[in-house]
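Let's take a friendly walk through this model together. Have the structure open and follow along, section by section.

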Amino acid sequence: MPALDLADVRHSFHRTPELGFDEHNTKARIASFLSSFGLEVHEGVGVVGILKCGTGNRAIGLRADMDALPILEASTHDYVSETKGVMHACGHDGHMTMLLGAAEKLAKARDFDGTVVFIFQPNEEHGLGAQAMIEEGLLKQFPIEEVYAIHNLPGAPVGQISTRAGQICASESLFEITINGQGGHASMPHVGRDAITIGAEIVQALQTIVSRKLAPGAGAVVSVTEFLTDGQRNVLPGAATLKGDVRTKQPADRDQVATLMTQIATGIGAAHGVDVTVDFRTEFIETLNDPLPVEAAVKAGRGVGVETIGDRDPMSFSEDFAHFCAAVPGCFLLLGNGTEGPHGQPLHAADYDFNDALLPIGAAFWTQLVRDRLPLDANTKA
C-alpha cells in the first residue's frame with residue numbers, strides 16, 4: 001500500500017468537520033486508516049489504536065483531538081469546509097493527520113519495543129472528551145506510563161517545538177451570578193431594588209480579586225462577559241444575571257477566586273437587601289507537565305533536527321489534555337504553525353489554517369519519541 005499523502009488526508013478532514021461528540025464520520029475514517037496499517041482498533045467515545053512490537057512491557061500514549069468548532073469559515077483555499085457553520089479552526093485536522101502519519105510509519109518499521117496507544121479524542125473544545133474517555137475505562141483497559149499531545153501554535157516559527165515542565169496551560173472556569181432584586185418604575189427607583197445598579201457594583205468589585213486579593217504575578221484573569229436583565233425602556237429590572245470566565249495557573253488560585261467571588265457578590269447583595277447566588281464551575285483544570293516526559297519530548301524534538309525550547313512561558317488558553325496529565329505523567333507541547341497569512345492567524349479565527357508543512361515534522365517527531373521511549377534494546381533504561 002502506498003504511503004499516505006498527509007496533505008490530502010488533512011484536507012479531507014478539513015472539508016468534513018464535525019462538532020464535539022458528533023465526530024462519527026471522522027471516527028470511522030480514523031478507524032479505517034488504523035486498521036489498514038495493521039493496528040488493533042477500539043471504538044468507543046473516541047478511537048484507540050494499539051501497536052505492539054517486541055516483548056517490552058512498557059506502554060506510552062499519544063493523543064490527537066478530533067473535533068471542530070461552530071465557526072463559519074472565511075478561507076479561500078480549495079478545501080474549505082463543506083459543512084456550513086462548522087470549521088476546523090484550531091488545527092485538529094492537522095493533529096489527527098500527524099498522528100496517523102506516525103502510526104503508519106511505526107507500523108511499517110516496527111523498530112521499537114513495547115506498546116504505543118494512539119488516542120484520538122473527541123470534544124476537546126468543550127473540555128469533555130478526555131474525561132469521557134477516562135471514565136469509559138481507557139487508562140484501565142490500556143495502561144500507559146506516559147502520555148503526550150501536540151498542539152499547533154500560530155505566530156511561532158514553522159516547526160518550532162516548545163514546552164515546559166509544570167503548568168503549561170491555564171484552567172478555565174465559568175461563573176454565573178444571579179441577582180434577585182425588585183423591579184419598578186424608572187421614575188421611582190427608591191421603591192425598588194434595581195438589579196442593574198447592584199450588578200454594576202458587583203462587576204466593579206470583582207476586579208479587585210486579581211488586583212488586590214491574589215499575589216502579584218499570579219496570572220489570573222476574571223472577566224465578566226455577559227450582563228443580562230429583565231428591564232425595559234422605562235422599567236427598572238428586578239432580576240439580573242452576570243456571566244463570565246476565569247483563568248488561573250494554579251489550583252489554589254482557582255479555589256480562592258471561587259471563594260472570593262461568592263463572598264463579594266453575596267456581600268454586596270446583602271448590603272442592598274437582595275438575594276445573590278453564585279454558580280462557579282470549572283470546565284478545564286490546569287495542564288501540568290511532568291518533568292520526565294518533557295525531557296523526553298525535548299530530546300525527540302532535537303533528534304529530528306527542529307528548534308526545540310524546553311522552558312517556554314505558560315499559555316493562557318486551556319486544554320482538556322489536562323485530565324490525562326492528572327492521571328498519568330504527561331507532556332503537552334506546542335508546534336509552531338508559522339507567522340504569515342492564514343498560518344499566523346489566531347486559533348479559532350475564521351480564516352485560520354493549519355500549515356501542511358508541519359505534517360511530516362509532526363509525524364517524524366512522534367516516530368522519534370516512540371523510538372526513544374521504547375528502544376529496541378530491552379536493556380536500555382527509559
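Which strands does helix α11 (residues 358-373) lie across? Helix α11 lies across β3 (59-65), β4 (114-121), β5, β6 and β16, and runs at about 160 degrees to β5. Angles here run from 0 to 180 degrees between N-to-C directions, with axes as lines fitted to C-alpha atoms, for helices over the stretch in contact.

## Ground rules and overall layout

This is a predicted model, in which local features need pLDDT of at least 70 and side-chain atom pairs count only at pLDDT 80 or more, while totals for chains, interfaces and linings use all residues. Residues are numbered from 1 along each chain as its sequence is written, and side-chain values use heavy atoms, with hydrogens and water left out.

The chain holds 11 helices and 16 strands. Helices (H or I, at least four residues) and strands (E, at least two) are DSSP runs, numbered from the N terminus. Along the principal axes, the C-alpha atoms fill a box of roughly 80 × 45 × 40 Å. Of the 382 residues, 52% count as buried; buried means under 20% relative accessible area, exposed over 50%, and partly exposed in between (1.4 Å probe, protein chains only). Taking the contacts (heavy atoms within 4.5 Å) with a separation of 6 or more, 80% come from residues 24 or more positions apart.

## The eight-stranded sheet

Eight strands make an open sheet with mixed pairing, in the order β1-β2-β4-β3-β5-β16-β6-β15. Two strands pair if DSSP finds at least two bridges between them. At the edges are β1 (40-43) and β15 (308-309), each of which pairs on one side only. Strand β6 (residues 161-162) pairs with β15 in the parallel sense over two bridges, and threonine 308 of β15 is the bridge partner of isoleucine 161. Helix α8 (residues 291-303) also lies across part of this sheet, namely β5 (146-154), β6, β15 and β16 (330-338), at about 35 degrees to β16.

Strand β4 deserves a look. Eight of its eight residues are buried, so β4 is largely enclosed by the rest of the structure. In a regular strand, side chains alternate between the two faces of the sheet. Here Gly114, Val116, Phe118 and Phe120 point one way, with Thr115, Val117, Ile119 and Gln121 pointing the other way.

## Histidine 151 and the cysteines

Histidine 151 sits in strand β5 and counts as buried because its relative accessibility is 3%. Leaving aside neighbours within four places in sequence, its contacts include Asp65, Cys90, His92, His95 and Glu319.

How many disulfides does the model have? The count is zero, where a disulfide is a pair of cysteine sulfur atoms within 2.5 Å. For cysteine 169, the nearest cysteine sulfur is that of cysteine 325, 8.8 Å away. For cysteine 325, the nearest cysteine sulfur belongs to cysteine 331, at 7.7 Å. Cysteine 169 has 0% relative accessibility and so counts as buried; cysteine 325, at 12%, counts as buried too.

## The four-stranded sheet

Another open sheet has four strands in the order β10-β12-β8-β13, with antiparallel pairing. Its edge strands are β10 (221-229) and β13 (275-284), and neighbouring strands are turned by 15 degrees against each other on average, direction ignored. β10 and strand β12 (residues 239-248) pair over eight bridges, with threonine 229 opposite alanine 240.

Helix α6 (residues 195-213) lies across β8 (171-180), β10, β12 and β13, at about 175 degrees to β10. Helix α7 (residues 251-271) lies across β8, β10, β12 and β13, running at about 165 degrees to β13. Threonine 197 lies in α6 and, at 43% relative accessibility, counts as partly exposed.

## Two helices crossing

The axes of helix α1 (residues 6-15) and helix α3 (residues 92-109) come within 9 Å and cross at roughly 145 degrees. Residues making the contact include Leu6, Val9 and Phe13 of α1 and Met96 and Leu100 of α3.
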